[in-house]
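Me: I have a model open and want to learn how to read its features. Could you take me through them in order?

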Amino acid sequence: MRYFLGFDLSLKTKLSIESWRNKALPSFSAPVPAKNFHITSVFLGQIEEQQLERLYVSIEQEQFPLFTLTLDQLGYWAKPKILWLGSTQTSTTAENINQKLTKISLQSGVQIHKQHYVPHVTLVRKSKTNPPSPLIAPNFECEIDQLHMFESVSTKNGVQYPIRRTWKLY
């Protein structure tokens, strides 16, 4: 089973981002469906049931603060060919949550690939080139008040991210 910890976006925000992408950017061969928009905090990958249970117990013993994230920057990573929407302002809260969840994951026996954390929403996969600047600048205010355990499920209709557990942020 493949899992990740992260934050969901409201339906209104997902639809607003999708509408902006369709108006402000060229069309793409592999746009991410709006229903899959989310912000990953820690990618866990393949984990076993015992590790998942240890993670649940550890996370439930913690309290994480709610926060706001402004998505106002378009970015592109050439190696994975991903076009993403992120923030020009560093979110200390999002980074602190990422660090705490990484520590909990490692203590639960999950092997984490550590890298610099950039809170973002993936807009397009398999983008061969970095597109031109958007016609309309992005500016989406996201209120983050829940942490979720998502499962990554591959289906014949593409990948889906069902939420398996939710924790309220305070």
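Reply: Begin with the elements. The protein chain has 3 helices and 10 strands. Helices (H or I, at least four residues) and strands (E, at least two) are DSSP runs, numbered from the N terminus. This is a predicted model: local features need pLDDT of at least 70, side-chain atom pairs count only at pLDDT 80 or more, and totals for chains, interfaces and linings use all residues. Residues are numbered from 1 along each chain as its sequence is written, and side-chain values use heavy atoms, with hydrogens and water left out.

Me: In what order do the elements of the protein chain run from the N terminus on?

Reply: The order is β-α-β-α-β-β-β-α-β-β-β-β-β. The radius of gyration of the protein chain is 16 Å, close to the 15 Å that the globule rule gives for 170 residues, so the chain is as compact as a globular protein of that length. That radius is taken over C-alpha atoms; the globule rule is 2.2 Å times the number of residues to the power 0.38. Along the principal axes, the C-alpha atoms fill a box of roughly 45 × 35 × 25 Å.

Me: What percentage of the 170 residues count as buried?

Reply: The cut-offs come before the number. Buried means under 20% relative accessible area, exposed over 50%, and partly exposed in between (1.4 Å probe, protein chains only). Of the 170 residues, 44% count as buried.

Me: Among contacts between residues at least 6 apart in sequence, what percentage join residues at least 24 apart?

Reply: A contact means heavy atoms within 4.5 Å. Among those contacts in the protein chain, 77% join residues at least 24 apart.

Me: How many residues are in the largest nonpolar core?

Reply: The general idea first. In soluble globular proteins, nonpolar side chains tend to be buried together. A nonpolar core is a set of buried Ala, Val, Leu, Ile, Met, Phe, Trp, Tyr and Cys residues joined through side-chain atoms within 4.5 Å. Here the largest has 44 residues. Those with the most contacts inside it are F7, L44, L123, L147 and M149. Take L44: leaving out residues up to four places away in sequence, L44 touches residues including F4, L55, I112 and M149.

Me: How should I read aromatic pairs?

Reply: A pair of aromatic rings is described by the distance of the centres and the angle of the planes. Rings of Phe, Tyr and Trp (its six-membered ring) pair if their centres lie within 6.5 Å; planes under 30 degrees apart count as stacked, over 60 as edge-to-face and the rest as tilted. This structure holds 6 aromatic pairs. One of them is F4 with Y161, edge-to-face, 5.4 Å centre to centre and 80° between the planes. F4 lies in strand β1 (residues 2–8) and Y161 in the loop between β9 (158–160) and β10, so the pair ties together parts that are 157 residues apart in sequence. Both F4 and Y161 are buried. F7 and F67 also pair edge-to-face, at 5.3 Å and 85°. F7 is in strand β1 and F67 in strand β3, 60 residues apart. F7 is buried at 1% relative accessibility, and F67 is buried at 6%.

Me: Which residues do ring pairs link into a cluster?

Reply: The cluster holds F4, F150 and Y161.

Me: Which ring does the charged end of R165 sit over?

Reply: The test is NZ of Lys or CZ of Arg within 6 Å of the ring centre and within 35 degrees of the ring normal. The charged end of R165 sits over the ring of Y56, 3.7 Å from its centre.

Me: How many salt bridges does the count come to?

Reply: A salt bridge is a side-chain nitrogen of Lys or Arg within 4 Å of a carboxyl oxygen of Asp or Glu. The count comes to 4. Among them, E62 and K100 meet at 3.3 Å, N to O. E62 lies in the loop between α2 (49–60) and β3 (67–71) and K100 in helix α3, so the pair ties together parts that are 38 residues apart in sequence. R164 and E151 meet at 2.8 Å. R164 lies in strand β10 (residues 163–168) and E151 in strand β8 (residues 146–155), so this pair ties together parts 13 residues apart in sequence. R164 is partly exposed at 43%, whereas E151 is buried at 13%.

Me: Is T102 buried or exposed?

Reply: T102 is buried, with a relative accessible area of 12%. Its place is in helix α3 (residues 92–107). Leaving aside neighbours within four places in sequence, T102 is in contact with V42, I112 and K114.
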